[in-house]
Amino acid sequence: MSQIDRDKLLDIYTRTMKVNRTDEKFRELLMGGKVAVMYYCVRGQELVSAAAMAALEKEDYVVCTYRGQGEQTAKGIPMEKWWGECLGKATGTCKGKGGTMHITDPETGIMVTTGVVGSGLPIANGLAMASQNNGDGRVTLVSFGDGAANIGGFHEAMNMAQLYKLPVIFLCQNNRYGEHTAYADHTDSPNIASRAAGYGMKGVTVDGNDVHQIYPAVKEAVDRARRGEGPTLVEAMCYRMMGHFFGADFSYMPPEHIAEMKAEDPLPKLRKVMLEHQFTEEELDAIVADIDAQINAAVEHALAAPLPDTDEIYKDVLEETA
Amino acid sequence: MAQITMTQALNLAIDEAMAEDPGVFCLGEDVSAKQGGGVFKVTSGLTEKYGEHRIRATPISETAIIGAAVGAALAGQRPIAEIMLMNFVGVCMDQIVNHAAKLRFMSGGQTPCPMVIRTTTGVGVGFGGQHSDMLEAWFAHVAGIHVVTPSNPADARGLMRASIDANDPVIFIENILCYGLKAEDPGPGYRVPLGKAAIAREGTDISIITYGRTVLDALAVADDLAKEGISVEVVDLRTIAPYDEATVLASVRKTGRALTLHEAVRPFGTGAEIAANIQEKCWDVLKGPVRRVGGTFSAVPFASHLEQAWIPNKGQIIEQIKASMDKL
């Protein structure tokens, strides 16, 4: 068992629950008909995102995907701005012009959220290249799914990152499904991390539901990158416990897969670890209650916030119109 | 002032931008000294001055090249990415169209992408169907990108500096047949503002709206027709998109006739958009329909005589001008 100190464990727990409670709230709003937008649920992957963000510094860069709520909220985007954007409001991170699939908040290092599978990897290289060029000491983490490992940009980006020893961490959240296609139906190799060897890169596969595996793996990759030792491919095995997007059919998931993912749910496992480290039930519940209060306030703020002016469609196209 | 080629003009512009701003760097296939400074030598001598970190020779990976440029631009640097030949943009369109062009807008203005994509192309050198196309219309159709092409060395120097200065992505098209053109060096710090066309030749009977290598054809036609008493005005757009509508419309208001000319295939080309715009806004002064001349609607052929038949030629331009003036 790895040694994660209590402060870091508390940090990871808090971030994990922030991701989870945000996800729960979003589904509640969607189910209640209060909002009607595209949302890609992160239930089952909360710990991977939270532990990865806890391994970064505030200044570090992150590139994520449409299923990026975990990285975004765990990295620390202010909740009011995050909810504002998801609800298409003027108060959102992107003035309502990006939406759930394109959350951007440079202040907290969320540089790009891409809606195109696999497109984040080459961009992460560029952020890391800038850090290598100007010596600012930042690292860049790019999160993507197992499905993204099969697009050409993955190959190009991995080779280039290793060639230049870029300070980048490739975090593959292997949730066993690429959109609606099961891993075994899109990939024959047993895992994604083994591909790293083909680029001369370090690659590891870890259990993304076990804080003692996922946090140290990402932390080591971050430290290596910061020391100038180059990129790492970290494959976090996890489960997507919902459909591809909210409302999507996932009855195609076999019963044994569903049983397996319920048994591996990262939240009860993390709670158990916290109790083992002498956190009390009351303390943990109070953290969640505090998060819920923050989320509820942020949602109320976003619901009441003004819509963007229609003129916004002409702005931010090129600098002249900004 | 000394005479310089277009290759030298581009090299000088990049060199002085790199000297002034440590955030400017080049990346692309074969660009560094180890490979001879670029297949057309535009980055020649720069590795020796600025090192391999700022003249990064890349693998043959267009998506990774443009993706890296996007990322570096988001981090505040000013990358100059080279896509060796314009047809290869097909490999990295996602990075250009979905990311470079849109990130400013989709982020509500937080993440502009100041980057230049240099690319070479041109019909007439026997490169065949996958190394010759002018694909400017693909990018002119996307909001969030400047599309630029110089027709002479001075503009090449000035447009390159302005493109590096720009806080948005620029597709910078270099015509392979123009690299060897020579003209007087406009000197250090010279800039040609983006979005500003030039009147390459004044005239009173018809306006040819064109850019890049075909500016040379238009000027040659203007010389020929002057002998027949036809006065041709040549508008060199320099920036294809967003283009200098005011200069184009003013020229057409003066001459009352217009012809669009480009090397790219005619159907759905930039000439169609410009012609439609002229007809909407200058209908009251037009003496006839706007004429369009462009490349043949097929792949660029290999055999020299086929390739020459494919390119829009002086004869076609003259024929269209005379038809426009009822002088056939």
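Which strands of chain B does helix α7 (residues 153-165) lie across? Helix α7(B) lies across β2, β4 (78-85), β5 (116-121), β6 (146-148) and β7 (170-175) of chain B. It runs at about 160° to β7(B). Helices (H or I, at least four residues) and strands (E, at least two) are DSSP runs, numbered from the N terminus. Axes are lines fitted to C-alpha atoms, for helices over the stretch in contact, and angles run from 0 to 180 degrees between N-to-C directions.

The model is predicted: local features need pLDDT of at least 70, side-chain atom pairs count only at pLDDT 80 or more, and totals for chains, interfaces and linings use all residues. Residues are numbered from 1 along each chain as its sequence is written, and chains are lettered from A and ligands numbered from 1 in the order in which they are written.

Chain B holds an open sheet of seven strands in the order β3-β2-β4-β5-β7-β6-β12, with mixed pairing. Strands β3 (55-57) and β12 (239-241) of chain B stand at the edges, each with a single partner strand, so one side of each is left without a neighbour in the sheet. Neighbouring strands of this sheet are turned by 25° against each other on average, direction ignored. Two strands pair if DSSP finds at least two bridges between them. Strand β2 (residues 24-28) of chain B is joined to β3(B) by three bridges, and the two run parallel. G28(B) has A57(B) as its bridge partner in β3(B).

Chain B is divided into domain 1 (3-184) and domain 2 (198-324). These bounds come from an automatic or database domain assignment. The C-alpha centres of the two domains of chain B lie 26 Å apart. Across their boundary, 25 residues of domain 1 are in contact with 24 residues of domain 2. Contact requires C-beta atoms, placed from the backbone, to lie within 7 Å. On the domain 1 side, α6 (136-140), β6, α7 and β7 of chain B each give two or more residues. Helix α6(B) gives the most, with four residues. By class, this side has twelve nonpolar, ten polar and three charged residues. Ala, Val, Leu, Ile, Met, Phe, Trp, Tyr, Cys and Pro count as nonpolar, Asp, Glu, Lys and Arg as charged, and the others, Gly among them, as polar.

Between the chains, 32 residues of chain A are in contact with 35 residues of chain B. The elements that give two or more residues to the chain A side are β2 (110-114), α5 (120-134) and α6 (152-164) of chain A. Helix α5(A) gives the most, with nine residues. The chain A side divides into 17 nonpolar, ten polar and five charged residues.

The largest nonpolar core has 190 residues. Such a core is a set of buried Ala, Val, Leu, Ile, Met, Phe, Trp, Tyr and Cys residues joined through C-beta atoms within 7 Å. A51(A), I169(A), V218(A) and V234(A) touch the most other members. Helix α3 (residues 62-74) of chain B supplies the largest share, nine residues. Domain 1 and domain 2 of chain B both give residues to this core, so it lies between them. Not counting residues up to four places away in sequence, V234(A) touches residues including I169(A), F170(A) and V218(A).

R43(A) is found in the loop between α1 (6-31) and α2 (46-54) of chain A. R43(A) is partly exposed, with 18 other C-beta atoms within 10 Å. A residue is buried if 20 or more other C-beta atoms, placed from the backbone, lie within 10 Å of its own, exposed if 12 or fewer, and partly exposed in between.

How values were computed
Two residues are in contact if their C-beta atoms, placed from the backbone, lie within 7 Å.
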